[in-house]
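Work through the two exercises below with the sequence and the model at hand. Each task is followed by a solution in steps.

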Amino acid sequence: MTTANARVRGAALAAGLAGALALTACGGGSGDGGSGGSGEKAGAPASPGTSAGTASPGVTGAAAGLQGSWITTADGKIVALVVTGKQAGVFVTGGTVCSGTAGAEDRMQMIHLTCRGGGKERTTGMVDSVNGTTLKVTWSGETGQETYTKAEGGKLPSGLPTAPAKR
């Protein structure tokens, strides 16, 4: 692994860990911006057994499937979505920080966030699908659909694009 790749992966891991710490250290806002859903059913909610090893105690049903740290890239930046209990946060390299809630709502799995600085890219998200390794969320606004990969054991998932090494 090159030094540049190690730095990118280290920054992503630090963002995810900082997010997890922020979620557990503060209550977070409700971020309730309404249902934000299109009225379409987002598929069957995840079963309580989905990702049970990472679910917070007392979290069952749809919320249990969302538990954990999820990573993707967008516009050359790493995006970490962290769900702990019913709290959620998004952390983007470059400084974007959003916090709020995640869970079942009107037979859909929804994420409602409020971003520091008033960013609107990822404030209301509807979960399209989730399994043990992949989470697909459609965000209202210009972000649209993103596919996240589960980060297990404090390690970044394999297959993430990396920045080219500077020469």
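Strands, written E, are DSSP runs of at least two residues, numbered from the N terminus. The model is predicted.

**Exercise 1. Determine which elements line the second largest pocket, and what classes of residue are found there.**

Solution. 

Step 1. Start with the space itself: the second largest pocket holds about 250 Å³.

Step 2. Collect the lining, which comes to 13 residues. Nearest the centre of this pocket lie Ala74, Asp75, Glu121, Arg122 and Thr143.

Step 3. Assign the lining to elements. Two or more residues come from each of strand E1 (68-74) and strand E8 (144-151). The largest contribution is that of E1, with 3 residues.

**Exercise 2. Locate the disulfide, give its handedness, and decide whether Cys98 and Cys115 are buried or exposed.**

Solution. 

Step 1. Apply the distance cut-off: two cysteine sulfur atoms within 2.5 Å make a disulfide. The sulfur atoms of Cys98 and Cys115 are 2.0 Å apart, and the two residues form a disulfide. The structure holds 1 disulfide.

Step 2. Cys98 belongs to strand E4 (residues 96-105) and Cys115 to strand E5 (residues 108-115). The two cysteines are 17 residues apart, and the pair links distant parts of the chain.

Step 3. Read the torsion about the S-S bond: it is about 100 degrees, so the disulfide of Cys98 and Cys115 is right-handed.

Step 4. Check accessibility against the cut-off for buried, under 20% relative accessible area. Cys98 has 2% relative accessibility and therefore counts as buried. Cys115, at 7%, also counts as buried.

Note on methods: Residues numbered from 1 in each chain as written. Predicted model: local features only at pLDDT ≥ 70, side-chain atom pairs only at ≥ 80, totals over all residues. Heavy atoms only, no water. Helix = DSSP H or I, 4+ residues; strand = E, 2+ residues; numbered from the N terminus. Buried < 20%, exposed > 50% of the residue type's maximum accessible area, 1.4 Å probe, protein only. 1 Å grid on protein atoms, 1.4 Å probe; cavity = no way out; pocket = protein on both sides within 12 Å on 5 of 7 lines; lining within 4 Å. Points joined across faces, edges and corners; volume = space filled by probe spheres on them. Nonpolar A, V, L, I, M, F, W, Y, C, P; charged D, E, K, R; others polar.
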